[in-house]
Structure formats: structure tokens, C-alpha cells
Amino acid sequence: EMNAFTERYIAVARSLDSLPSDSLKQAAVDRFNATADSTMKAHLSDPLGRIIFIDKASECRSTSALEELLKTYPQFRTLKSITDLATSLHNAEATAPGKKFTDFTVSYNGTDQKLSDYAGKGKWLLVDFWASWCGPCRRAMPLLKELYGQYKDKGLEVLGVAVWDEPADSERAARQMQLPWPQIINAQKIPTDLYGIYGIPHLMLIAPDGTIATRGIEGDEMRKAIADAFTPAAPETATEQ
């Protein structure tokens, strides 16, 4: 049953590139999702149903969305992967833009480093959660260097936080890529659990007062966020009564 379901998934994935319009692609995805739902319902008491549910739950981006799904399938509420997901979503919401950053401490080579050593110090701080083995992380470094070079004299600081990685590999990669900003090494799961981060690279822009301005965006979106951060606000114009 699992093999048959996987084959259906692969067939749909391969067919998408050959479909001539977005509407046909969406229709194919909708048909597969309907098949996934019916397969899950037919296997609620065995591992196949649990696997499909976990995959479906992983698409939830809020605790309310996950809770709504669990109302229909309460038997999966106590699965460890689901309780871990609920914790991750809760932590992401607790550290959403507009909230103050949450501090953490990492010990490496007998030294403690904290996010608060860098954040909330009166300057804009761009935090990059990355790992040496992560291809997308490496491909994002030229953008970070570009932004750092463009705004460092205006007060932008960048901080690397190496997660899910061997410390020696993190240090070696930072040297190879000639990263000019400080690194918190050996963070492992500490900050990703705390901030509900489930994929890297993950960028977080923290305002001078320690408020999280934005997080989880890349490329042109981050360029615009930083440009806006360093664009003086237009003076208010008085109006006659």
C-alpha cells in the first residue's frame, strides 16, 4: 500500500512540468490530495495513515491550523512528531515579527555566547541561521555579503548562528567563505527549537531596540526590508484646521 501510494505521488510530481497551465497543475494536485485523504482515512489504524497525516500536518503554519486538523483526527494528537510540531508552531508565533527577541546561550570551547551579546544593542542586526552542509545556506552568503557591504557603515551588523552542524565544519566553512561577521558556533537545536525554525537558511532582522522586524524571508524581500530599515521616515506635515 505504501509503495502504491508513493508511486502515485511520484507520477503526479513528474506530470506537473508537462501540464500546460497552472489550472491543470492545480487540478492534478487537488486530485492527488483527495487520494491522499481517502487513503489516510482507510488506514487510520496503521502506519500508512499516520505517515500521510504527519505529512499533511507539516503543511500547517499556525497552531490554530494544526488544532483545526486535530479536531478531525484526534487519534494523532499524541504522536511525538505532532507534539513536536505543535511546540515548534507555538514557539514561532511567540517569536514572530513585532515580538522582542528571545535570548539563548551556546557554550563552545569553554566560552558562553548569547544572542543578547549582539541583539538589542542599538543597531540593526541580521541573524543568519545556517550550517556548513546546507547548499541553500552557502548560496545565500553572497547576498549577505552584499547587504553587509552596503549597510555596515550605516549601522548594520550581521551574526551567523551555526546550527545542526559539527563545530569544526562550521568554523572551516566560515573561513572558506571568508565571512567577515561573528559566528555563534555549536548552537545545534537550541535556537531552532526556541524560534520554531524547521528549515535553513533562516534570516531574522532585529531592530536596534531588540524587536524582531522580520524573519523567514530571503532575496529581494530581505533587500527591501533592510532598505526600508535604513530609509529615514518622512516628516509629518502639519495641516491647518
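1. Of the contacts in the chain between residues at least 6 apart in sequence, 66% join residues at least 24 apart; contact means heavy atoms within 4.5 Å. The model is predicted: local features need pLDDT of at least 70, side-chain atom pairs count only at pLDDT 80 or more, and totals for chains, interfaces and linings use all residues. Residues are numbered from 1 along each chain as its sequence is written, and side-chain values use heavy atoms, with hydrogens and water left out.

2. The chain has 9 helices and 7 strands. These are DSSP runs numbered from the N terminus, helices being H or I with at least four residues and strands E with at least two. Along the principal axes, the C-alpha atoms fill a box of roughly 65 × 60 × 35 Å. Of the 241 residues, 39% are buried; buried means under 20% relative accessible area, exposed over 50%, and partly exposed in between, with a 1.4 Å probe and protein chains only.

3. The largest nonpolar core has 49 residues, and L115, L126, W130, V161, M222 and I226 have the most contacts inside it. Such a core is a set of buried Ala, Val, Leu, Ile, Met, Phe, Trp, Tyr and Cys residues joined through side-chain atoms within 4.5 Å. At least two residues each come from β3, α6, β4 (156–162), α7 (167–176), β6 and α9 (219–229), and α6 gives the most, with 7 residues. Another core, of 18 residues, lies apart from it and includes F32, F53, C60 and I82.

4. What does L126 touch, leaving aside its neighbours within four places in sequence? Its contacts include L144 and L147, then L156, E157, V158 and L159, then L203, M204 and L205, and also M222 and I226.

5. β6 and β7 pair in the antiparallel sense over 3 bridges; two strands pair if DSSP finds at least two bridges between them. M204 stands opposite R215 in β7. The hairpin of β6 and β7 has 5 residues between the strands, and in it G210 takes a positive phi near 95°.

6. P208 is found in the loop between β6 (202–206) and β7 (212–215). It counts as partly exposed because its relative accessibility is 26%. Leaving aside neighbours within four places in sequence, P208 is in contact with G120, K121, G122, K123 and W124. The C-alpha atoms of P208 and W124 are separated by 4.9 Å, although the two are 84 residues apart along the chain.

7. S132 is placed in the loop between β3 (124–130) and α6 (135–151). Is S132 buried or exposed? At 11% relative accessibility, S132 counts as buried. Beyond its neighbours within four places in sequence, S132 is in contact with R138, D165, D169, S170 and A173.

8. The largest pocket holds about 390 Å³ of space. A pocket here is an open set of points on a 1 Å grid over the protein atoms alone, where a 1.4 Å probe fits, with protein on both sides within 12 Å along at least five of seven lines; lining residues have an atom within 4 Å of a point. Grid points are joined across faces, edges and corners, and the volume is the space filled by probe spheres set on the points.

9. The largest pocket is lined by 19 residues, with D84, L85, S88, D193 and Y198 nearest its centre. α5 (80–94) and α8 (190–195) each supply at least two residues of this lining, and α5 gives the most, with 8 residues.
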